[in-house]
Each structure stands twice: as C-alpha cells, then as structure tokens.
Amino acid sequence: MPLGWREITQRAVRFGQQWSEAGSERAEKQTFWNEFFDVFGVRRRTVASFEEPVRGISGHYGYIDLFWRGILLVEHKSRGLDLGAARSQAFAYIQDLVRDGRTEEVPRYVIVSDFARIALHDLEPEESGPHPKVGDFSVQTLEFPLADLHRCIRAFAFIPGYKQHKFEDQDPINLRAVAIMGRLHDALAEGGYRGHALERFLVRMVFCLFAEDTGIFERDAFRLFLEQKTREDGSDLGSQLAHLFQVLNTPVHERQRNLDELLAPLQFVNGDLFAEDLGFAEFNRDMRNALLACTRFDWSRISPAIFGSLFLEVMEPRERRQLGGHYTSERDILKVIRGQFLDELRTEFQRAKGDKTTLRRFRDKLASLRFLDPACGCGNFLVVSYREMRLLEMEVLALLNGKGQQELPLPMVDVDAFFGIEILEWPVRIAEVAMWLMDHQMNLRFSETTGEPYARLPLRKSPRIVQSNALRIDWSDVLPAARCTYVLGNPPFVGKKEQNPQQKEDLAGLFGDVQGAGVLDYVCGWYRKAADYIRGTKVKVAFVSTNSITQGEQVGVLWKALLDRYGLRIHFAHRTFAWESEARGKAHVHVVIVGFAACNATRRTLYEYEDPRGEPHVFAASNINPYLADAPNVLLTKRSIQVGGGPRISYGSMANDRRKGDKGPGNLILTEEDRSRILGESRALGPHIRPFVGSEEFLNGTRRWCLWLVDAPSSLLRESPTVIQRIAAVRRARSESGRAETRELAKVPHLFGEIRQPRTRYLLIPKVSSETRYYLPIGFFPPSVIANGSALIIADATLFDFGVLSSAMHMAWMRYTCGRMKSDFQYSSRIVYNNFPWPSPASDKPRRAVEDAARRVLAARKAAPADTPAELYDPLCMARDLVKAHRELDRAVDRCYRPKSFGSEQERVRFLFALLQTLLSR
C-alpha cells in the first residue's frame with residue numbers, strides 16, 4: 001500500500017531539515033538518495049542503481065550517479081557546485097543512451113542536486129508550453145532549496161507511482177457569458193418583465209445568440225435583425241422579437257411569401273422551443289443596448305453547460321438553498337463520468353483500435369448506451385456526457401473512415417439516448433435546448449473532421465426530460481431499468497435542518513421502515529430510489545453528494561439497507577473535495593462522489609484529496625466501504641460504551657441560560673469585562689468565577705469565564721447586583737421554554753442546566769477542529785477549569801489515554817469517520833470515539849512506552865515557541881522536536897496494536913475497521 005501524501009509530506013519536512021542542516025561529514029550522496037526514496041516509502045535498490053555505466057561518443061564509459069531505467073536519471077554534485085554543469089552532464093548521458101541504442105531506457109525525469117538545492121526536469125511536460133529546449137527535448141523545470149522539498153513534493157508523484165489526475169477548471173469564457181446574460185436579465189427584470197416569461201425569454205435569447213455564431217443561422221443574422229429592424233430607443237423591440245419567435249416556430253414551407261429578407265433564411269427550429277406566446281417584453285434604449293452587447297460576444301466558444309449557470313443567475317438565494325440547486329462545473333462533472341464510464345470506454349477503445357470489426361462492434365455499443373440523470377436540473381451532466389460520447393465516437397469513426405471505405409460512416413450516438421427527471425418546469429426546457437446546442441456543436445466538429453457538411457435540423461430527436469418529483473415517480477416510467485446503462489447526477493444538497501415539509505415527506509415515504517432516518521440529508525432519497533431501480537441489473541450509478549452521507553451518524557442509517565437489502569457495492573469514489581459551481585456567486589460545499597452498482601466491480605478506485613481544493617491522487621482498492629475507505633464494510637452505530645474498553649467520555653457542562661434565538665454569550669457566561677465588574681462588586685465571588693473552556697478557547701487561547709455557583713451561599717450572591725440580575729434572566733429564559741425539563745430547571749437558575757464537570761484532572765477534546773492538522777490537539781485540565789459543551793472530556797484520563805488519542809492511529813480513524821462542519825472535523829462521542837478500537841497491549845511494556853512517549857510530546861509542547869494549540873499544531877510550522885516526539889508516540893501506539901509498524905494511513909484504517917469487525921463479532 002503506497003504512503004498517503006500527508007505522510008510523505010511529513011517525511012519530506014524531516015528530510016529537508018536534516019540534510020539542509022547537515023555538514024560536509026554527512027554529505028554522502030548514496031545515503032542522501034537512499035533516504036530521499038524513503039520519503040516516498042520506496043526502497044531505492046528495488047528500482048534504481050548507482051553508478052550506471054554508459055558508453056560515450058568516444059567509446060569511453062561514464063557513470064550515471066543514479067539511474068532508474070525509463071523513469072529517472074540523477075546527477076549529483078558537491079555542495080555549492082554549479083547545477084547547470086550537473087544538468088549538462090545529465091543530458092549528455094541521455095544523448096549517450098540514445099546513441100548506444102538504449103532508447104527504451106531514456107528517462108522522462110532528470111534530477112540534479114548539490115545537497116542544498118534540487119532541480120527537477122520533466123522531458124515530457126503535459127502542460128502547454130512554451131518550454132525551453134535542451135537538445136531534442138522540451139523541458140519543464142522546477143528548482144527549489146532542499147528545505148522546501150515538502151512544498152514541491154507532488155511534483156515527484158512518479159516515484160511512489162501516483163497518477164496525478166488533473167481536471168480542467170471552468171473556461172473563463174463561460175463565466176464572461178454568464179455575466180453578460182446576468183446583466184441582460186437584470187435590465188429586463190428592472191423594467192418589470194419577470195418570472196416565467198423572463199426565464200423562457202432568456203433561454204430563447206441564448207439559443208439565438210448561439211445559433212448565429214455556430215451556423216444554425218447565417219452569420220450575424222440575429223445582430224443585423226436587431227440593428228436594422230428595431231428602433232434605437234427600444235420601443236418596438238419586444239414586438240419584433242415576438243415576430244421572430246413566431247417565424248422560428250413555423251416550418252419554412254408554411255411561412256408567408258413576403259417575409260422580411262432577414263427573417264426568411266432562418267432555420268425552422270422544432271422541439272417547441274419557440275411555441276409558447278410569452279407576450280411582449282417592453283424594452284428601452286439601455287435594454288436594447290444590453291441585448292446588442294450580447295451579440296458582440298462570440299457564443300461559438302460557449303459550452304452549452306453554461307445554461308445551468310444562467311439558471312442560477314435568475315434564482316433567488318433562498319430558492320437556491322431550499323431546492324438544493326447547486327450546479328456542478330464541467331471540471332467536477334468530468335470527475336463523475338470519467339470514473340463511471342469514460343475511462344473504461346476509452347480503455348476499451350484503445351484495445352479495439354487495431355481491428356475494424358471490433359471497432360464497429362464498439363461503435364454499436366456506444367450507440368446502445370442509455371443515460372439517466374434523475375436530478376438533472378438544467379442538464380449539465382447529460383450535456384457533458386453527450387459531448388464526451390460524441391467525441392469518443394468521432395475518434396472511432398475517424399479510424400473506420402479509412403482507405404477503401406465507400407460510404408462515410410455517420411454518427412449513431414444521438415440525444416434520444418439521454419433521459420432526465422427535474423422537478424421544476426423551465427429547467428426541463430433549458431436541458432432540452434442545451435442538449436440540442438451541444439448536438440449542433442458536435443455536428444459542426446464532425447463536419448470539420450470529415451470535410452462533409454452534417455446537420456440535424458430541423459430537430460427530429462429529443463432527449464426525454466420529464467418534469468416530476470424524482471422521489472415520487474417510478475424511474476422506469478422515464479427509462480426502463482432494463483434499457484438503462486448509467487445513472488448519474490447531482491441530487492439536491494439539502495441538510496436535515498433545511499428540508500421543507502414536502503421534502504421531509506419525500507424521505508419519510510422512502511425510509512419509513514428505517515430507524516433513525518430523521519438524520520438523513522435529502523440526497524439520501526436518490527440513493528434509495530437508485531437502489532430500487534437497479535436491483536437485479538448491472539446499471540452503474542454515480543452521484544455527487546454532500547460528504548455527510550459518508551461520515552458520522554448518517555452512514556449507519558443509510559448504508560445498512562443499501563448494503564444488506566440491495567447488495568450495493570461501491571465501485572469508485574472521490575473522497576471529500578471542494579465542489580465548484582459555474583455561477584458568479586459560487587456555492588460553498590464540500591462533497592464526495594460515490595459510484596456504485598448492485599453487482600461486483602472488476603476493479604475499485606479511490607481518489608484521495610490531501611487538499612480539498614487541490615488535485616486528487618488515485619489508487620486501487622480491494623474494497624470501498626461506506627466511509628470511502630479501503631476497508632471492510634463495517635457500519636458504525638451510536639454506542640454509549642467504548643467498544644474496545646477505553647475510558648468513558650462525556651460532553652462538557654451546558655449552561656442553558658438564555659432563550660432560544662438570543663444572541664450573545666449567555667447569562668452565566670462572562671467576558672473579561674463582565675468578570676471585572678462582578679469582582680468590583682464583591683471580591684468574595686472570585687472563587688466562583690471559573691475559566692470556561694471549549695473548542696475555541698482551548699485551540700485559540702480565547703479567554704472566557706463562567707459563574708460556577710454550585711457551592712456558593714445565597715448571601716454571597718446577593719453581594720453582586722449584576723449576579724442577581726443575571727440569575728433572574730436565567731430564570732425567565734428557562735420558565736419560557738417549551739420543554740418541561742428546562743422549565744423545571746428554572747427552580748435552580750443559578751446553576752448550569754447540565755453539570756458534568758469532573759472533580760479530578762480531565763482530558764479535553766475539541767468537538768470541532770481543522771482537517772489540515774496532522775494531529776488532534778487535546779490537553780489536560782484541572783477540575784477548577786470548567787469544560788463547556790463544545791468540548792468532550794475524559795475524567796481521570798491517564799498518559800496512556802492521552803497518547804492513544806494523540807496518535808496517528810486515532811487521527812486516521814477520525815479522518816474517515818468524523819462528521820464534518822464544512823471540511824473541519826466534528827468529533828462525536830457515540831460514533832467516532834465509542835467505535836474506535838481501543839488498543840489492548842499484551843503487556844505493560846508497550847503501555848509504558850506510550851506513556852513515556854506521551855510525556856515527551858507534552859514536554860515538546862511546553863518548550864515550543866507557540867502560544868496556543870492551534871499554533872503548536874499548524875501543519876506548516878510544527879516545531880521539529882514536537883514532530884519528532886509525535887513520531888515516537890505513533891510508533892509506540894502502533895506496537896500496542898501489532899509488532900509491525902503501519903506503512904500508511906490507508907493501512908491503519910483498513911486494520912482498524914477489520915479490528916472493529918472482530919470486536920463486534922465476539
């Protein structure tokens with residue numbers, strides 16, 4: 001199992017520090033490169049050799065410092081010598097390899113170094129140039145100080161064998177088009193033309209703009225119509241456009257003979273796009289100018305997937321939130337379709353290239369595939385999938401259109417292979433139009449590649465997009481499951497708290513027989529419907545979803561039925577990444593992609609993101625469980641007792657001291673100013689004003705206080721008018737509560753509503769913490785410091801407990817099982833902690849080793865030049881001694897589980913799930 005990037009980065013930090021600080025006595029290049037390969041978990045001697053002989057042009061032999069045939073050549077110089085000379089020597093060796101007939105051994109990468117700096121040269125750069133030439137090679141170069149190795153580590157992905165998948169960002173041309181149409185919408189809306197009519201009108205405008213730039217209309221036909229047939233003040237523009245729409249909706253042979261010369265040549269557009277009477281949009285000069293500005297933009301460069309962005313432009317933020325209308329960018333759509341079908345089809349195409357009979361069967365297969373998006377919105381997934389299918393088909397047709405071919409093979413993939421379900425009416429129309437526009441773009445490209453004109457106008461085939469509630473309709477009424485090949489899409493992102501009554505009813509109708517279903521996000525309904533739809537078939541499904549369905553409490557509720565009742569298996573998955581919208585006001589969501597089927601997979605693939613906004617690395621998995629881990633299918637349920645015999649955990653104390661919805665810290669919670677005021681009224685209250693600590697206070701050093709009046713006599717409380725006033729406010733707030741339990745607490749308004757404060761030293765665990773840290777910051781506190789409800793506490797915790805919870809083992813478990821708040825960890829006692837397989841060392845020796853290592857971590861924390869735990873555990877600035885202490889602790893905790901150390905986080909997670917499976921079977 002390869003190391004994960006997080007662990008590789010940590011190793012790179014240590015390697016860079018050690019060798020940057022090393023003196024000449026350590027400057028032994030073979031040791032240097034052995035340890036360099038160790039950073040990536042690769043044993044150098046298994047892949048590369050030192051002092052590889054190569055014959056030069058003179059017949060004499062030179063010796064390559066380090067050589068990995070076909071992959072890497074390294075030339076190393078003494079500290080301070082010229083790297084340029086090292087590079088020249090390296091490329092001379094490459095020329096020698098070519099001259100000596102060893103072309104298959106020519107490496108793609110060259111590294112030169114002098115112990116202080118490293119330069120990486122890529123002889124086959126994938127990014128567009130220009131790149132400098134070295135001999136016969138175009139070379140992309142990355143040079144940096146050795147101490148910065150960890151910052152550049154992903155450039156060396158070829159060493160551990162990771163394939164770096166790059167997904168293109170949204171084309172800025174598309175974003176400019178959205179802005180232009182947004183301005184036109186605003187101008188029309190301000191003039192009073194709104195709602196359904198405006199939405200339909202915008203769809204027609206985009207079609208006309210696109211049509212005149214792509215050959216559906218004659219070039220500039222729409223612009224000339226606007227300029228020559230409408231008044232400059234815009235007063236007749238609405239009526240003239242209505243006339244234009246009528247013409248486009250009339251077959252050519254049925255049009256009037258004396259039709260205007262600018263309108264007569266326009267193509268008849270079938271499909272009801274222009275059938276509805278929208279009334280007149282009243283334009284003025286500025287609005288006409290806005291529309292004319294749209295015609296000056298080159299719409300031929302626009303992806304029809306832009307229609308989804310146009311939809312977003314005219315939706316109110318509240319509506320978008322309620323409907324879950326997050327529209328996925330092309331970049332993220334490609335992540336879905338590549339994993340679901342495109343990569344597999346392209347592999348099959350490569351195998352079929354050498355035989356035309358096999359190619360024809362492959363072409364027939366492409367034409368037979370059927371796609372369903374049951375939450376299609378404006379059709380972005382269908383549009384991009386259709387484009388990729390047509391592009392692949394064109395490559396096939398290009399090979400079939402060879403010498404001796406009497407008849408040009410024509411495209412067989414068509415829009416009628418694509419189906420969708422959408423709850424709103426006008427996105428259905430947008431999706432249909434977007435598919436037609438993409439079809440036209442692909443027909444133009446086919447014409448360009450073959451030299452023969454090819455078009456599909458008037459429109460004869462249509463995608464089938466049905467307006468309905470996808471959670472209440474039978475999907476087989478749209479596309480029978482027996483005919484379907486792929487189900488894909490981006491179901492609505494609506495959390496349990498944001499669901500309206502109808503959405504709650506939708507889920508209740510699907511999960512009425514599932515205990516605890518009230519916690520489920522709305523997207524879970526699509527998983528249940530898909531499971532019903534594909535039962536007994538080989539249909540493959542892939543959904544973009546909120547990452548909450550693979551973390552925390554939802555997993556056990558949703559996936560138990562999907563695994564046990566329907567036999568679903570996850571075939572591929574993208575772990576949490578930052579989702580991108582096409583619109584100007586981009587939605588901020590962290591998502592996963594889950595690809596599954598009711599049959600086994602020939603291979604399973606996981607995409608892992610060290611940075612949620614970065615690129616993934618990909619690796620093969622033996623099994624993908626619902627937590628998107630390469631591990632057994634074990635589901636975590638809420639537990640009140642620690643499954644492995646670990647210490648008991650609880651929440652901190654809850655004040656319950658204000659009315660629901662009130663702002664501010666509460667009546668029993670104090671700022672520094674509040675504390676000073678009360679002490680000014682009564683110094684005797686000092687022992688009853690305690691430090692108040694939760695996640696924020698612990699991690700970032702924020703100071704807060706609370707009134708802890710458990711043992712305070714009433715006579716003392718009356719010494720402070722401020723305290724009496726605050727207690728009275730607590731009584732009022734509790735008395736007005738709708739909960740009987742809270743009203744009962746009004747009888748003791750001076751006390752916290754829920755008191756769980758230990759009377760001994762305790763260990764504090766923040767409920768929310770950043771996902772970027774290598775370790776979870778936790779800490780010991782005396783009983784005089786009051787832990788609040790934003791933290792979890794373990795009373796009488798030992799150094800062993802601290803060591804286990806501070807280890808990489810526990811951190812790996814957290815990363816895969818914690819719920820998230822955005823991308824931050826949201827630690828829970830009953831799901832994460834109580835299901836964590838607590839170690840049971842076979843003897844006292846490994847336990848004492850953990851305790852000793854834990855002491856060293858605490859000592860390193862105390863000595864580190866940082867003020868807060870957040871600063872101590874900043875992944876870019878962790879003190880060297882603290883990193884070292886944690887690594888020693890990791891090894892000690894590992895040995896409590898097994899003698900052999902773990903090579904990667906994935907290996908740890910697989911082991912922990914397997915251990916939990918064993919614990920649960922006892």
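In this predicted model, Tyr109 stands opposite Asp122 in strand S5. The strand that partners S5 here is S4: S4 (residues 109-113) and S5 (residues 117-122) pair in the antiparallel sense over 5 bridges. Strands of a sheet pair through backbone hydrogen bonds, either parallel or antiparallel.

Most residues other than glycine have a negative phi, and most peptide bonds are trans. Glu51, however, has a positive phi, near 55°. With 32% relative accessibility, Glu51 counts as partly exposed, because partly exposed covers the range between under 20% (buried) and over 50% (exposed).

H3 spans residues 83-99, which makes 17 residues, and reaches 24 Å from its first C-alpha to its last, close to the 24 Å expected at 1.5 Å a residue. Its buried residues are Leu83, Ala86, Ala90, Phe91, Tyr93, Ile94, Asp96 and Leu97. A general rule is handy when reading such a list. An α-helix has 3.6 residues a turn, so residues three or four places apart point the same way. Just after H3, Gly101 takes a positive phi of about 80°.

With 8 of its 8 residues buried, S16 is largely enclosed by the rest of the structure. His590, Val592, Val594 and Phe596 point one way from the strand, while Val591, Ile593, Gly595 and Ala597 point the other way, and all are buried. Which strands are joined to S16? Strand S14 (residues 540-546) is joined to S16 by 7 bridges, and the two run antiparallel. Strand S15 (residues 569-578) is also joined to S16 by 7 bridges, again in an antiparallel arrangement. Individual residues show how these strands line up. Lys540 stands opposite Ala597 in S16, and Phe577 has Val591 of S16 as its bridge partner.

Another open sheet, of 4 strands, has the order S19-S27-S23-S25, with antiparallel pairing. Strand S19 (650-651) and strand S25 (779-781) stand at its edges with a single partner strand each, so one side of each is left without a neighbour in the sheet. Within this sheet, 5 bridges join strand S23 (residues 762-766) to strand S27 (residues 791-795), and these two run antiparallel. One of the facing pairs can be named: the bridge partner of Ile765 is Leu792 in S27.

The chain then passes to the loop between S27 and helix H23 (799-805), where Asp796 is found. Asp796 has a positive phi of about 55° although it is not a glycine. Is Asp796 buried or exposed? Its relative accessible area is 52%, so Asp796 is exposed.

Conventions. Residues are numbered from 1 along each chain as its sequence is written. This is a predicted model: local features need pLDDT of at least 70, side-chain atom pairs count only at pLDDT 80 or more; totals for chains, interfaces and linings use all residues. Side-chain values use heavy atoms; hydrogens and water are left out. The expected span of a helix is 1.5 Å times one less than its number of residues. Buried means under 20% relative accessible area, exposed over 50%, partly exposed in between (1.4 Å probe, protein chains only). Two strands pair if DSSP finds at least two bridges between them.
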